[in-house]
Amino acid sequence: DSAAPDAKLHTRGLGVAYSRFGLSSSTPSKVGTIGMRLEGDFALDSNVTAGAAQTHSKPFRVRHAYGTVGDSLLLGQTWSTFADLGVFGDQQDENPMVNLPAQRAPMVRLTFPAGPAKLQFAAENPYSITANQAPTRFTLPDLIGRVDFAAGPAALSVRGMVRQYITDD
């Protein structure tokens, strides 16, 4: 058969490569609503741009797995505190563009109201998104601070991060 390998892949069978499956719960309590979210899919298990042969994988990938207490505590894996989800274009999110901070990371996040602003502080699992750099090791979490201001249809967000890099170069 002279068809390209990717063409052969698309002519056989069915798949669930971009399907998402999830569970969530919400329980009122004296300390605030206690919530849980678990979501996964069968897409590529890394954040690289790839073709159909790589993204139609069979292993299950955890996208979100976290618990919350009220609006103040989040523990688990979800979008990085550094990500501003309100400015991302609508997309299927098969493989986000490499230059977007659309990383999902394990974390502990605290959120506090502060007048017209919202403050967030998080310790997140460090990660590296550049494939062409020297191997990097991390021994400390990324520490992220964020302040969000909303004014009608406008919003302002100021974020900062402290990160440790250890390389052998």
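M36 counts as partly exposed because its relative accessibility is 35%, where partly exposed sits between buried (under 20% relative accessible area) and exposed (over 50%), using a 1.4 Å probe and protein chains only. You'll find M36 in strand β2; strands here are DSSP runs of E with at least two residues, numbered from the N terminus. Keep in mind that this is a predicted model, where local features need pLDDT of at least 70, side-chain atom pairs count only at pLDDT 80 or more, and totals for chains, interfaces and linings use all residues. Residues are numbered from 1 along each chain as its sequence is written, and side-chain values use heavy atoms, with hydrogens and water left out.

Strands β1 (20-27) and β2 (34-41) each bring at least two residues to the nonpolar patch.

V62 turns up again among the residues that Q77 touches, along with R63, H64, A65, Y66, R104, A105 and P106, leaving aside residues up to four places away in sequence; touching means heavy atoms within 4.5 Å. Q77 itself belongs to strand β4 (residues 73-79), and its side chain reaches the backbone oxygen of R63 at 3.2 Å.

Now for the charged side chains. Side chains of opposite charge can pair when their charged atoms come close. The structure holds six salt bridges, each a side-chain nitrogen of Lys or Arg within 4 Å of a carboxyl oxygen of Asp or Glu. D84 pairs with R146, their closest N and O atoms being 3.8 Å apart. This pair links distant parts of the chain, 62 residues apart: D84 is in the loop between β4 and β5 (104-114), and R146 is in strand β8 (residues 142-151).

D84 also forms a salt bridge with R159, at 3.6 Å between the closest N and O atoms. R159 lies in strand β9 (residues 154-162), so this pair ties together parts that are 75 residues apart in sequence. R159 is partly exposed, at 28% relative accessibility, while R146 is buried at 9% relative accessible area.

R146 has another partner, D148, with the closest N and O atoms 3.0 Å apart, and D148 is buried too. Put together, D84, R146, D148 and R159 are linked in a network of salt bridges.

Notes: Helix = DSSP H or I, 4+ residues; strand = E, 2+ residues; numbered from the N terminus. Polar contact = N/O pair within 3.5 Å; in protein donor to acceptor, adjacent residues only side chain to side chain.
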